[in-house]
Amino acid sequence: MREPDFSELATRLLKSGISPRHAHRTVNELRDHYDDLVDAAVDEGANSKNARLSAANELGAMDDFVAEMASRRELKTWAFRYPRLAIIVYPIACLAVLPAMPVFVGIAHRTALVRWGASLLAAGVVTAMLLLIMQLSIILG
Amino acid sequence: MAQSNPPFMSGVPELLLLRLLNEQEMYGYELVRSIKQATNEAITLGEGVIYPVLHSLERNGSLKSKRKPVNGRTRVYYSLTKKGRDRLSKLRDDWMRIQGGVATALETGANA
């Protein structure tokens, strides 16, 4: 059995609808468990490569693990538990949030927004001054 | 390769986990070692299988978890809640009833 790929495992769990909280925590626990198994095998005299292979064996097949997690409805996100409801609720929620998006984006990028505002103000002042000079030159000339 | 258990073992990991956590809080690796020890290695789980069970039990309120740093690693320790103790009591009664029934059936079959 090959060594487990934990980042791939996390992706597979998320794709099968497991909530991010459970997916990431389970993968972390599983990784620690694997490290404990490797340490135990090394303590018993195995070399590093054999210890990792033995640990992967004892941990079990990742396919079985994903299937076991995916069979538990309570660990899934609500959109996977109630897909028909999600089809209705998600578009409505998106439409409701859409008008407020510029405000959220503005808050998230407030420093850029302040810089942009200051540049706009400076450009306005310069333009106004140029126009004033032109106007004065016409009046006085 | 870890020996697999027959299909009728469904539900047994849950019972064993609740039973062991009724004694003291433990993390996943400790629990698997304890199961092997407590059952004289008669029950061997694919070790990763306990995590879905633990998460489901936590989700339904039978267990609670907390993180503790131990030897440079953050362990997730599980312990039983009041609901978990009630569930353990029910599962234990169910198991004893079924075990008794199957034993009686096997003895009757053997004597027939």
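**Figure 1. Packing of helices H1 and H3 in chain B.** In this predicted model, helix H1 (residues 12-21) of chain B packs against helix H3 (residues 50-59) of chain B at an angle of about 65 degrees, and their axes are 10 Å apart. Axes are lines fitted to C-alpha atoms, for helices over the stretch in contact, with angles running from 0 to 180 degrees between N-to-C directions. Helices (H or I, at least four residues) and strands (E, at least two) are DSSP runs, numbered from the N terminus. H1(B) is therefore roughly perpendicular to H3(B), a term covering 65 to 115 degrees, whereas angles under 35 count as roughly parallel, over 145 as roughly antiparallel and the rest as oblique. The crossing of H1(B) with H3(B) is right-handed, meaning that the near helix is turned clockwise from the far one by less than a right angle. Pro13(B), Glu14(B) and Leu17(B) of H1(B) meet Ile50(B), Val53(B), Leu54(B) and Leu57(B) of H3(B), contact being defined by C-beta atoms, placed from the backbone, within 7 Å.

**Figure 2. Packing of helices H1 and H2 in chain A.** Helix H1 (residues 6-15) and helix H2 (residues 20-43), both of chain A, pack at about 155 degrees with axes 9 Å apart. H1(A) is therefore roughly antiparallel to H2(A). Their crossing is right-handed. On the H1(A) side the contact includes Phe6(A) and Leu9(A), and on the H2(A) side it includes His24(A) and Arg31(A).

**Figure 3. The largest nonpolar core.** Among the 33 residues of this core, Leu17(B), Ile50(B) and Leu54(B) touch the most other members. Such a core is a set of buried Ala, Val, Leu, Ile, Met, Phe, Trp, Tyr and Cys residues joined through C-beta atoms within 7 Å; buried requires 20 or more other C-beta atoms within 10 Å of the residue's own. H2(A) gives the largest share of the core, 7 residues. Leaving aside neighbours within four places in sequence, Leu54(B) contacts Leu17(B), Gly28(B), Leu63(B) and Tyr78(B).

**Figure 4. The contact between chains A and B.** Chain B contributes 16 residues and chain A contributes 19. On the side of chain B that touches chain A, H2, H3 and S2 of chain B each supply at least two residues. H3(B) provides the largest share of that side, 5 residues.

**Notes.** Residues are numbered from 1 along each chain as its sequence is written, and chains are lettered from A and ligands numbered from 1 in the order in which they are written. For this predicted model, local features need pLDDT of at least 70 and side-chain atom pairs count only at pLDDT 80 or more, while totals for chains, interfaces and linings use all residues.

Note on methods
Two residues are in contact if their C-beta atoms, placed from the backbone, lie within 7 Å. A residue is buried if 20 or more other C-beta atoms lie within 10 Å of its own, exposed if 12 or fewer, and partly exposed in between; C-beta atoms are placed from the backbone.
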